[in-house]
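Biologist: Before we use any labels for this fold, I would like each of them traced back to a value and a cut-off. Could you take me through them in turn?

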Amino acid sequence: MAIKKQNLSDYDKTTVPNAKDFRFGIVVSEWNENITEGLYNGAIEALLDCGAKEENIIRWNVPGSFELPFGAKKMINTKKVDAVIVIGSVIKGETMHFDFVCGAAAQGIMDLNVKTETPVIFCVLTDNNMDQAIARSGGTHGNKGTEAAIAAIKMAHLGN
């Protein structure tokens, strides 16, 4: 659970491998674009800060979080990336749709991590409301995109 008004995305750069030799894929959901763009920006800033080269970062958009596993699978199969970050935002509404989309996205990403040799980093916010999503996409609780980028670097390093 996040601590109120604490940025949880600070990282110690000395504990993160240099990312200069890795290729990263980022698959971004277009749904809740104001949130996913914040997450994407956090991921890009962290990757570049840790040595990744802009030309070694590939971005693809998909319509929503449900489509993230397919986008990640296609990227793994066609772009020779060392890690993929999937970025999405699902905000709870009044129907069961939230549960189905969140469960399917999580299961699809987990399946890719088990079936492929390329790590897929889950950066899908599953919040109760827009305020929570804002707080975690560059707001008071930091940026989960930043955290996902650091995880991607560490997992790419582990795979090499």
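Modeller: Let me start with a definition: a residue counts as buried when its relative accessible area is under 20%, as exposed when that area is over 50%, and as partly exposed in between. The model we are looking at is a predicted one.

Biologist: With that cut-off in hand, what makes strand 3 mostly covered?

Modeller: Eight of the nine residues of strand 3 are buried, and buried here stands for a relative accessible area under 20%.

Biologist: What makes the pairing of strand 3 and strand 4 count as such, and in which sense do these strands run?

Modeller: Two strands pair if there are at least two bridges between them; strand 3 and strand 4 are joined by eight bridges and run parallel, with S89 standing opposite L125 in strand 4. Strand 1 and strand 3 also meet the criterion, pairing in the parallel sense over five bridges, and strand 1 (residues 24-29) pairs with strand 2 in the parallel sense over six bridges.

Biologist: Why are helix 2 and helix 3 called roughly parallel?

Modeller: The axes of helix 2 (residues 68-79) and helix 3 (residues 97-115) come within 8 Å and cross at roughly 20 degrees. Angles under 35 degrees count as roughly parallel, and therefore helix 2 and helix 3 are given that description. The contact is made by L68, P69, A72 and K73 of helix 2 together with A104, A105, G108, I109 and L112 of helix 3.

Biologist: How do you know that the disulfide count is zero?

Modeller: A disulfide requires two cysteine sulfur atoms within 2.5 Å, and by this rule the count comes to zero. For C50, which is in no disulfide, the nearest cysteine sulfur is that of C123, at 15 Å; C50 counts as buried, at 5% relative accessibility. C102 is likewise in no disulfide, its nearest cysteine sulfur being that of C123, 13 Å away, and C102 counts as buried at 12% relative accessibility.

Biologist: What makes K13 and D49 a salt bridge, and which parts does the pair tie together?

Modeller: The criterion asks for a side-chain nitrogen of Lys or Arg within 4 Å of a carboxyl oxygen of Asp or Glu, and the side chains of K13 and D49 meet at 3.3 Å, N to O. K13 lies in the segment before strand 1 and D49 in helix 1, so the pair ties together parts that are 36 residues apart in sequence. K13 is partly exposed, with a relative accessible area of 42%, and D49 is partly exposed at 36%.

Biologist: How many salt bridges does a search of the whole structure find?

Modeller: The search finds four salt bridges, and another of them joins E37 and R59, whose closest N and O atoms are 2.5 Å apart. E37 lies in helix 1 and R59 in strand 2, so this pair ties together parts that are 22 residues apart in sequence. E37 is partly exposed, at 23% relative accessible area, and R59 is partly exposed, at 28%.

Biologist: What separates E147 and K144 along helix 5?

Modeller: E147 and K144 are three residues apart in helix 5, which means a separation of about one helical turn. They form a salt bridge, with the closest N and O atoms 3.1 Å apart.

Methods. Residues numbered from 1 in each chain as written. Predicted model: local features only at pLDDT ≥ 70, side-chain atom pairs only at ≥ 80, totals over all residues. Heavy atoms only, no water. Helix = DSSP H or I, 4+ residues; strand = E, 2+ residues; numbered from the N terminus. Buried < 20%, exposed > 50% of the residue type's maximum accessible area, 1.4 Å probe, protein only. Axes fitted to C-alpha atoms, helices over the stretch in contact; angles between N-to-C directions. Parallel < 35°, antiparallel > 145°, perpendicular 65-115°, else oblique. Contact = heavy atoms within 4.5 Å.
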